[in-house]
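Let's take a friendly walk through a protein structure. Have the sequence and the 3D view ready as you read.

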Amino acid sequence: MIFRPTSKDLKLIAWGIGRVILGVGLIMAIPLTVAIASTEWNTVLDFLVGMTACFTFWLITENTCKVDRDLTWFHGLVVASLGWLVAMGFGALPHFLSGHFKSYLDACFDLMSGYTTTGLILIQDLDHASNGLNMWRHLLTYAGGQGIIVIALTFLFAGSAGAFKIYASEGKEEKLLPNVIRTARAIWMISLTYLVIGSTFLFMFLMKDGMAAGRGFLHSVWLFMGAWSTGGFAPMNLNLLYYHSFAIEIITLVIFVIGSFNFALHYAVWTGKRSEIVKNIEVRSFTITMMITTFMLSIGFSKFGVYNSLTEFFRKGFYNLASGHTTTGNSTVYATSFYKEFGFIAMWAIILAMAIGASACSTGGGFKGLRMGIFTKSLWGDIKGLVSPESAVVREKIHHVKDIWIDESLLKGTMLVLISYMVIYGVGGLLGIMYGYSPSVSFFDAVSAGSNTGLSAGLTTPLMPSLLKVYYIFMMWAGRLEFMSVFALFGLGIAIVRGRKVGALR
Amino acid sequence: MPRKVGKYGFGIVIEVAAVVGISLLALLLMFIVKAIMA
């Protein structure tokens, strides 16, 4: 039996979303400051409008929707899923007002791409975008990587017992520390430490290449934010190809691979569990699938005679493959090169890598190494069971910070998410084919959007059909939230329409 | 505090070393495949 949510339930959800939007408005203060410092007065106005809208929404929800109850799991799931959509609508205001977008839908597309650390873009004339707008683009992908909810938890939900429910609903189930607020702060501590180190190295090499100090500083921070969050945004239209620098490519490669690691792994290694880096199932899974796809890519390159030197194999092949596997989207080639130069085998090696994706509880997307590990180990257990005596009990375990036995419910949850990813990838690919794009290009961009990667083979442009833009927004959103929160939102819709009118939701 | 910085710093070194290791392994694999298929 489905119960219809009461007005108290809906108010509680609206109050939670109001807090998330307050967080979005507060973050806008940083690009606003950059715009003021750069004397970009039009951009200043864009952000003032955006902030006013966010604060107005928050004031309304805070004064009309606050109820004397704590969040249940269901509320947390709906706040996370709906919160991202509402945050997209408000965050897109400065984007749209900048004049760099064909429509509000395009601005929303880039916003969702940023929040979900995807990296696909529809922005036009990016090379002439203001510093304020660029700061906003990169900041939202950096903040989105940690999770918008993590930001809200860190500053705005202190003391709320329902905090963990919203945190877990955003696809981050792991608690680094017993307290969820402290976990959110630990995630920030790790990210900010790497921000300082990574940006410093990038700044040094941009200076060496002759970039002016102020511009070099901003580019180094933006490149770090794009790479660490596995968002793949860059301030120039050509992405990493603009810099033509092997050093910058190596530094960003290191940043995005480390950025794709699980925050629980970072915390374990940083606090003394050093052997975790070799024992962890996600690192092992990533290494194995990386080698399999590298093998495929190398065969493809060699067979079709693409790129002759080993350096080119590494800079054009491995870099983009690793960028795809970590679901980053930074690229050292033109978008059309994937389709016109890489060849069929190499292109599908990258599609496979993107589909598998990075680590759970990281900034990345895709199936996740943890699920690949659980699936593979379980399959291995079944094979062992087949060749063992009938009376033998075969159980498999994985190591992720601690040993975890694979049971029925763990496998069921894993399979549900894997199938959901395959369905959205498949529908996205078929939609592209329906619009006349080639299967390889269509699946490349669809998997890229669904796994929150951001590499494009040329399909994602402002001229793509509006239905595809909307579906890609859905894929980015659903893929980032790992479906459970999205199912909960559909459940809320059904409960409102068909639910039985009884008490508050439990 | 300095002990904490040292501990965290070593953690960062280990993570960077892991990435370098994976990249070198991939480079070796590329070299082998390229040599075989040449």
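What follows looks at a chain interface, a helix, a helix pair and a single residue.

This is a predicted model, in which local features need pLDDT of at least 70 and side-chain atom pairs count only at pLDDT 80 or more, while totals for chains, interfaces and linings use all residues. Residues are numbered from 1 along each chain as its sequence is written, and chains are lettered from A and ligands numbered from 1 in the order in which they are written.

**Where the chains meet**

Start with the interface: 24 residues of chain A are in contact with 19 residues of chain B (contact means C-beta atoms, placed from the backbone, within 7 Å). On the chain A side, two or more residues each come from α11, α12, α14 and α15, and α14(A) gives the largest share, 10 residues. Helices here are DSSP runs of H or I with at least four residues, numbered from the N terminus. By class, this side of chain A has 17 nonpolar, 5 polar and 2 charged residues. Nonpolar covers Ala, Val, Leu, Ile, Met, Phe, Trp, Tyr, Cys and Pro; charged covers Asp, Glu, Lys and Arg; the others, Gly among them, are polar.

Which residues of helix α2 of chain A are buried? They are Pro31(A), Leu32(A), Val34(A) and Ala35(A). Buried means that 20 or more other C-beta atoms lie within 10 Å of the residue's own, exposed means 12 or fewer, and partly exposed is in between. The four cover an arc of only 160° around the axis, so they sit on the same side of α2(A). The buried residues of α2(A) pack against α3 and α6 of chain A, while the face turned away carries the exposed Ala29(A) and Ala37(A).

**A helix pair**

The axes of α19(A) and α21(A) come within 11 Å and cross at roughly 165°. The two helices are therefore roughly antiparallel (angles over 145 degrees count as such). Here are the residues that make the contact:

| Helix | Contact residues |
|---|---|
| α19(A) (residues 408-434) | Tyr421(A), Ile424(A), Gly428(A), Leu431(A), Gly432(A) |
| α21(A) (residues 466-481) | Leu468(A), Tyr471(A), Met475(A), Ala478(A), Gly479(A) |

These residues divide into 7 nonpolar, 3 polar and no charged.

**One residue up close**

Finally, find Ser442(A) in helix α20 of chain A. Ser442(A) counts as buried because it has 22 C-beta neighbours inside 10 Å. Among the residues that Ser442(A) touches are Gly429(A), Gly432(A) and Leu459(A). Ser442(A) and Leu459(A) are 17 residues apart in sequence and 7.0 Å apart in space, C-alpha to C-alpha.

Technical notes. Two residues are in contact if their C-beta atoms, placed from the backbone, lie within 7 Å. The arc is that of the directions from the helix axis to the C-beta atoms. Axes are lines fitted to C-alpha atoms, for helices over the stretch in contact, and angles run from 0 to 180 degrees between N-to-C directions. Angles under 35 degrees count as roughly parallel, over 145 as roughly antiparallel, 65 to 115 as roughly perpendicular and the rest as oblique. Lists of a residue's contacts leave out its neighbours within four places in sequence.
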